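Let's take a walk through this structure together. Have a look at it first, and then we'll pick out a few spots.

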Amino acid sequence: MENDELIAAMAGGDDTALRELFSRHAPWVAARLRAVLPAADVEDVLQETFLAAWRGAGGYRLEGAGGWLWGIARRQAALWLRRRGQPEASLSAVGVTHEPQTADPVEAALSRLELADAVEALGPVGSPQRETWRLMYVEDRAVAEVAELMDVPEGTVKSRAHQVRRLLREALRRHRPLRDGSGR
């Protein structure tokens, strides 16, 4: 099922569609949130993001699931920061180009390294997967626009985007510390 179909199913109350959308997109959304939030807040904002996506699925207008979800995540991050006494954190301040807002510089450096390592798993700069990642998930471009820019069919872009998400998930899982001896 494509992302647009999943969002339509969510709008109809299908919680399985929400779980699938979360599985596909939570790793990269969390990675981007780590760039602007203290590490301890990322999971909470991620949950708020997908809850807001569930509630707002009926208003989705086929603008590209990645950009739509990141827009929701940015708003949720800004609200989260404001609630914690950082009123200067506006929507425009919550973006991927800012340094992490964490009290622990080691944690911030590790987050940047984890993301850089995950991106390296996509291949060299200019490779099809890396370029697809950059256009879709960094620049938030729609599938049709990416297809035009890369001069490939939309189906190829969708297939590459699927590969990108899988590769990023695998790479980010390698960095996830175990919370206790049980792996949870």
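A residue counts as buried when its relative accessible area is under 20%, as exposed when it is over 50%, and as partly exposed in between. Phe22, at 27% relative accessibility, is therefore partly exposed. Keep in mind that this is a predicted model.

Let's stay with Phe22 for a moment. Its ring and that of Phe50 have their centres 4.9 Å apart and their planes at 70°, so the two sit edge-to-face. The pair ties together distant parts of the chain, since Phe22 belongs to helix 2 and Phe50 to helix 3 (residues 39-56), 28 residues apart.

The C-alpha atoms of Pro27 and Glu170 are 9.5 Å apart, though 143 residues separate the two along the chain. As for Arg32, it lies over the face of Trp70, 4.2 Å from the ring centre.

Finally, back to the start of the chain. In helix 1 (residues 3-11), Asn3, Leu6, Ile7, Ala9 and Met10 are buried. Seen down the helix axis, they fall within an arc of 160°, so they line one face of helix 1. After this helix comes Gly13, with a positive phi near 95°.

Technical notes
Residues are numbered from 1 along each chain as its sequence is written. This is a predicted model: local features need pLDDT of at least 70, side-chain atom pairs count only at pLDDT 80 or more; totals for chains, interfaces and linings use all residues. Side-chain values use heavy atoms; hydrogens and water are left out. Buried means under 20% relative accessible area, exposed over 50%, partly exposed in between (1.4 Å probe, protein chains only). Helices (H or I, at least four residues) and strands (E, at least two) are DSSP runs, numbered from the N terminus. The arc is that of the directions from the helix axis to the C-beta atoms. Rings of Phe, Tyr and Trp (its six-membered ring) pair if their centres lie within 6.5 Å; planes under 30 degrees apart count as stacked, over 60 as edge-to-face and the rest as tilted. A charge sits over a ring if NZ of Lys or CZ of Arg is within 6 Å of the ring centre and within 35 degrees of the ring normal.
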